Structures are given as structure tokens and as C-alpha cells.
Amino acid sequence: MPWHNGKKISGLYSYGPQNRNSFIHVEGMGWRLLWTDHDCQSNAMTMMASYARAENRTVNLFEESGKIKTIYVW
Amino acid sequence: MAVDVLIIRNKADAATVATNAIGDGLKAHLEAKGLSCTDLSDANATPENVTQWLKASAVNTKKLVVALDHGSCSAFYGEKNGQVTAVITKANCQDLTTGLHVYTFACSTNGDNCVGPEAVAKGCYSWLGYVVPVYVFTNPSSSLFQTLKSIIWSYVTALAEGKTVEQAEAVLRAGYEANKNKHSLFSFNLSKLKLRKSAANMTINSHNRVVVWRSNVKVDGLYAYGPQNRNVFVHLQGVGWKRLWPALDTQVANQLAQLVNAKAKGRAVTVLEDDNRIKTVYA
């Protein structure tokens, strides 16, 4: 089931020396890497996830190959 | 798919064989200037096609109508089944021209109390046309016809290059003026030319159907798609999903940061939307 809806983000991780290394911890799922194809998208998804964690917002996530491909934040 | 410019040019009688020929090559010319274009020529210049391309609800035409056909005080004409047929009238001009600029080489549409001023009063941004019947050379091979064609094109070219409607009008008038000694048609048409407009200093890029200010709206959703660069959208309450301007990584990030902050604090924002993309943010 690639869509995970109505989730909460309970943690954030990044590793400085590796480009686009940004993870989110999804409650009930564990750590997932944000999609790594583009600087801009890694940045944008991190920003959205950070906001969702800070404000306890609900997210919908599409997962593929263990990575978050699409994110909705409400 | 929506286009920037709609050309309407029937070919139903001797006069419109000539006005149709004025439009030959115009589509390619505008596309070379970076404008997408649909050319409703000859049998395609039907009321149904014109309505489909111009009705406000569809936004199939975004910026400009170039109309090369018969006109009268009450209507601009296309054709149906080989017969000259009204396509833009006083009755439908609000729906078909609101939010657009209209340029006609046709008789009489821009006279007092005619379809041109009616359209501008009802939301058409500008209507450039003629206040009485005007004239065309009927031999497309003649040098006079080619001169007239280049003059008619000069207004459209100026708009395509980003000039204001006033600047483009000046170019058109200068073209007629420069050639008035060649034939009385040029000075006559020039004397009957009129620009009607709803505001000053508009261009087809600053004022059209897809440039919209959204004032005091809330951000209630965020979206990003990882595999496509700069694919970031925000949902504006009561409006819908709009993409952040995708030209630069930094600007996508900057706009997103501003809008995320606004969402977090429940603050209203004002944005300039251009063709479903957020070009400017006040947060």
C-alpha cells in the first residue's frame, strides 16, 4: 500500500556530508528518506515536513522503494 | 490546451479573401515571438468554434483576439456553411471578450455604442478597431496589399514584444502615416482608427485572463512531488492548488518558506497568480 494517509511526523534527521540526505520519522512506520532526485525538492519536502512536525499537522505520503515520493501537508 | 492568441479570419466573399490573406503566416510569426496561437481560418471561423475558444469559463484563449473579417456596429463576423455569420455580438461580447484584448481589422465595430465599446464596458481590456467601414486591397499579390498587411501586423507584433496597447497603437498609426502618400486608403483607415481601453499602460502580459490577484487568502494545503524538480504547490482556501513559480530553486524555497509560515500562523496572504502559478507573494 504505497499511500500512507493521516500520518504524523515524529522526527527529522539529516546527515550533512551527503547531499539530499533528509529523513522523516513517521509515527507507526519509522524512518523514511525524502526523495533525492533534486535539491529543490529535497529542500521543499524537508520544509513541509518540518512544518508538519512543528505544528503537529497531518500528512499524506506516497512511498516508493522505501522513500517518500509525494507529500501532502494539511 | 489553452493558447495566448486566437486569430479569427473567415473567407466567405471577395472582401474576406483579402482579409483572410492578411492573416496568412501570422500564426507562425506569433509563435516565433513566443506566443501560442490558434488560427480559425475560413470554414473554421464558425460561431461554435469561436465560442469554444473564447468563452470565459473555459479560458482556452488567454491574452489576445486578432479578428480579420467583416464587422458592423453590432457584430464581428466569421462564417458558417460558407455564409458570413456573426461570431462576436453585443449579446455575447461579455462572455467572449472579458479579460482579453481584441484587435480588429474590420468595419465599424469600434464606433460609438457599437460592439467594441460594449465589450470594454463589460470587461474586455482593450478593443482596437475602426469606427466606420474601412477598406482593404483585394489583390494579395500587390505591393499595396503587402504594405497594408505589414501595417496591420505591426500592432500585433508590438503587443507580442511586450509593448503597451498605447505604444502598439502608436506603431500602427505610424505605419499608416508613413504610407499615406501611396494610396488614400491608408490615410482614410488611419482617420477611422480608435483604441478603447479600460485602463492605461496595459500589456497583453500584464492584463489578461490568467493574471489574477488573490488577496487575503489562507493557505490550507501543501504539496510536493519528489521526482520532478520545482514541483511544489500550495492550496489556497476557496481557490485551489497553485504551483509555486518554477524558474529558480532558491525562489521556490523562498516562496514556500513564506507560505508555510503563513499557514502555520493562520495568516492571510496576497499572491499574484499568472497562469495558475504563484508569481508574487505578500505574506
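Analyst: Let's start with Arg9(B) and Asp24(B), which form a salt bridge in this predicted model, with 2.7 Å between the closest N and O atoms. The two ends come from distant parts of the chain: Arg9(B) sits in strand β1 (residues 3-9) of chain B, while Asp24(B) is in the loop between α1 and α2 (26-32), 15 residues apart. Their surroundings are worth a look too. Arg9(B) has a relative accessibility of 6%, so it counts as buried. Asp24(B), at 37%, counts as partly exposed.

Next up is Lys33(B), whose side chain meets that of Glu161(B) in a salt bridge of 2.6 Å, N to O. Lys33(B) is in the loop between α2 and β2 (37-41) of chain B and Glu161(B) in the loop between α6 (143-160) and α7 (165-178), so this pair ties together parts that are 128 residues apart in sequence. Here Lys33(B) is partly exposed at 35% relative accessibility, and Glu161(B) is partly exposed at 44%.

Then there's Arg214(B) with Glu273(B), another salt bridge, its closest N and O atoms 2.7 Å apart. This one goes from strand to strand: Arg214(B) belongs to β9 (residues 211-217) of chain B and Glu273(B) to β13 (residues 269-274), so parts 59 residues apart in sequence are tied together. Arg214(B) comes out as partly exposed, at 23% relative accessibility, whereas Glu273(B) is buried, with a relative accessible area of 5%.

Salt bridges also link up into a network made of Asp4(B), Lys62(B), Lys63(B) and Asp275(B). Lys62(B) deserves a zoom. This lysine is found in strand β3 (residues 61-68) of chain B, and its relative accessibility is 11%, so it counts as buried. The side chains of Lys62(B) and Asp275(B) are joined by a polar contact of 2.8 Å. Beyond its neighbours within four places in sequence, Lys62(B) is in contact with a set of residues including Ala2(B), Val3(B), Asp4(B), Gly99(B), Leu100(B) and Asn208(B). Arg209(B), Val210(B) and Asp275(B) are among its contacts as well.

Thr19(B) is buried, with a relative accessible area of 6%, and its side chain reaches the backbone oxygen of Thr16(B) at 3.4 Å. Leaving out neighbours within four places in sequence, Thr19(B) is in contact with Leu68(B), Asp69(B), Phe105(B) and Val136(B).

Over all chains, the structure holds 21 salt bridges. How many of these fall between chain B and chain A? The count there is zero. What the interface does have is 11 residue pairs in polar contact, both residues at pLDDT 80 or more. On the chain B side, β10 (219-225), β11 (232-236) and α9 (249-265) each supply at least two of the residues that touch chain A, and α9(B) gives the largest share, eight residues. By type, that side divides into 14 nonpolar, five polar and four charged residues.

As for extent, 23 residues of chain B are in contact with 20 of chain A. The area buried between the two chains is about 1,800 Å², with carbon and sulfur atoms giving 66%.

Terms used. Residues numbered from 1 in each chain as written. Chains lettered and ligands numbered in written order. Predicted model: local features only at pLDDT ≥ 70, side-chain atom pairs only at ≥ 80, totals over all residues. Heavy atoms only, no water. Contact = heavy atoms within 4.5 Å. Buried area = accessible area lost by both parts, 1.4 Å probe. Salt bridge = Lys/Arg side-chain N within 4 Å of Asp/Glu carboxyl O. Polar contact = N/O pair within 3.5 Å; in protein donor to acceptor, adjacent residues only side chain to side chain. Helix = DSSP H or I, 4+ residues; strand = E, 2+ residues; numbered from the N terminus. Nonpolar A, V, L, I, M, F, W, Y, C, P; charged D, E, K, R; others polar. Buried < 20%, exposed > 50% of the residue type's maximum accessible area, 1.4 Å probe, protein only.
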